[in-house]
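Dear colleague,

Please find below the structure that I am handing over to you. My notes on what was found in it follow directly after.

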Amino acid sequence: MQHRVLWQKAIVEEIIDETPRTKSFRLRIDDRPPFRSGQHYDVRLTAPDGYQAQRSYSIASAPESEGVIDLTIEIIESGEVSPFFHQVVKVGDEIKMRGPIGGPFTWTSDTGGPLLLLAGGSGVVPLMSMLRHRSAAGSSVRTALIYSARTTVDVIYRDELGNFESEDTEVRSTITLTREDDAGWTGERGRVSTRLIDDALAFLKTTNAKVFVCGPDGFVEAAAELALAAGVPFQSIKTERFGPSGT
Amino acid sequence: MATRGFFGLRRPEPPREIPPGQYFETGFPTLTAGPTPRVDTDTWSFSITRAKSPLATWTWDQMMELPQEKITVDLHCVTKWSKLDSEWKGISFDTLLEAVGEVTEEYVMIGSYGGYTTNLPLDDVTDGKAWLAFEFEGEPLERNHGGPARFLVPHLYLWKSAKWVNSIELMDQDAPGFWEASGYHMRGDPWREERYWGD
């Protein structure tokens, strides 16, 4: 079962502007290995003098998308790799990548649910892969997403999330905004809370949900604590933390 | 071959060479696969075991009576960051091993509150290479970084330095721990860039 994770050539096929701070990069990889939603790829950039920088980015697309993966990358202005992706990379460019990588923070439709997905900012990316996989696989696993973003324009995949909810009564998508000044926003406001978690668990009709939490460290810490306090078993909670320097 | 248009920011510049594929980090990011366990020093215990039977067990107070060392080490996380010159206080694993007599096993499995495990060759945790650490930068180790006590094996990738450590099993044969079973390297030497299976 052990296999090498080899560097492969990926060609940028499409660049999608998601929000002012995030872009998705559709990368075509020959003989793309199968992956599970929640896994990530490593990318490696090489300067003319041989200097290299590597970073890990979560896969946003569903495993069902043949031959390609989408990476949704948030720009960290002071960073080294994300500004390169946002400002330099063009369609047709070649990027060295290897993956998929990661095991515990993964979900496949045959492992069932119900699912509670807790996203902070760009932490929604690997959870979006799970939602896209759920839909592509025709899964009816009951799923609740709570997605905390700063403002409406920062919400990634907003239309698609809305469609998942409107087209499937087994999906509940709750967006809560922490810094939205616009009075026109009628959705939830503030950080993820006991009430939001309790509402989601009520929708799932159990506290014994499979919980995936992803986002900045502070968000993950707080959200995992709330899930524990709401009665979700410790071992049912999987976390992925994007460090403060996830550049 | 170079990546079109990439020259590298290379800032901040590390004061000395760091392992390949790493970048210099001045903060201290946290990475954990689950919630942060709550571990109380009143009920904390630590054991060295053979076939899961304790050969030696310490309470927190007993542990704190053992000789302590201050160490300054570099940390290398497989998620690509390296933190240099971090200051720790801990107890050498050599000191702990003295309590169990002769050891013929060649591998260990570190176990933690919360269920985390990671495997290591015995040679990588003896002769002054590994510590049970409980102070960071002069302060009690914070929960999110593994407090009250974590394992510290700074010459290997940081996933080997298990947080919230509570046991060390002596093993005749190597076996994969939590990340090692999911594609991460069995040894994890950052200077050889042993990140994943086959590296």
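In this predicted model, strands β4 and β5 of chain B form a hairpin with four residues between them. Within that turn, B:Lys80 has a positive phi of about 100°. The two strands, β4(B) at residues 69–76 and β5(B) at residues 81–92, run antiparallel and are joined by seven bridges. One of the facing pairs is B:His76, which stands opposite B:Ser82 in β5(B).

Chain A also contains a hairpin, formed by β3(A) and β4(A) with five residues between them. Here the turn residue with a positive phi, again of about 100°, is A:Gly50. Strand β3(A) covers residues 40–46 and pairs in the antiparallel sense with β4(A), residues 52–58, over seven bridges. On its other pairing, β3(A) is joined to β6(A), residues 94–101, by four bridges, and these two strands likewise run antiparallel. A:Arg44 takes part in both pairings: its bridge partner in β4(A) is A:Gln54, and in β6(A) it stands opposite A:Lys96. Five of the seven residues of β3(A) are buried, so that the strand is mostly covered.

Helix α2 of chain A comprises residues 124–136. At 1.5 Å a residue, its 13 residues should span 18 Å, and this agrees with its end C-alpha atoms, which are 18 Å apart. Because 11 of these 13 residues are buried, the helix is largely enclosed by the rest of the structure. Among the buried residues are A:Leu127, A:Met128, A:Met130 and A:Leu131, as well as A:Arg132, A:His133 and A:Arg134. Just after the helix, A:Gly138 takes a positive phi of about 70°.

Is A:Leu116 buried or exposed? It counts as buried, because it has 29 C-beta neighbours inside 10 Å, where 20 or more are required. Leaving aside residues up to four places away in sequence, A:Leu116 touches A:Ala144, A:Ala200, A:Leu201, A:Leu204, A:Ala209 and A:Val211. By contrast, A:Val89 is 27 residues from A:Leu116 in sequence and 35 Å from it in space, C-alpha to C-alpha.

Finally, the two chains meet: 34 residues of chain B are in contact with 38 residues of chain A. On the side of chain B that touches chain A, 14 residues are nonpolar, 16 are polar and four are charged.

Yours sincerely

Key
Residues numbered from 1 in each chain as written. Chains lettered and ligands numbered in written order. Predicted model: local features only at pLDDT ≥ 70, side-chain atom pairs only at ≥ 80, totals over all residues. Buried ≥ 20, exposed ≤ 12 C-beta atoms within 10 Å, placed from the backbone. Pairing = 2+ DSSP bridges. Contact = placed C-beta atoms within 7 Å. Nonpolar A, V, L, I, M, F, W, Y, C, P; charged D, E, K, R; others polar. Expected span 1.5 Å × (residues − 1).
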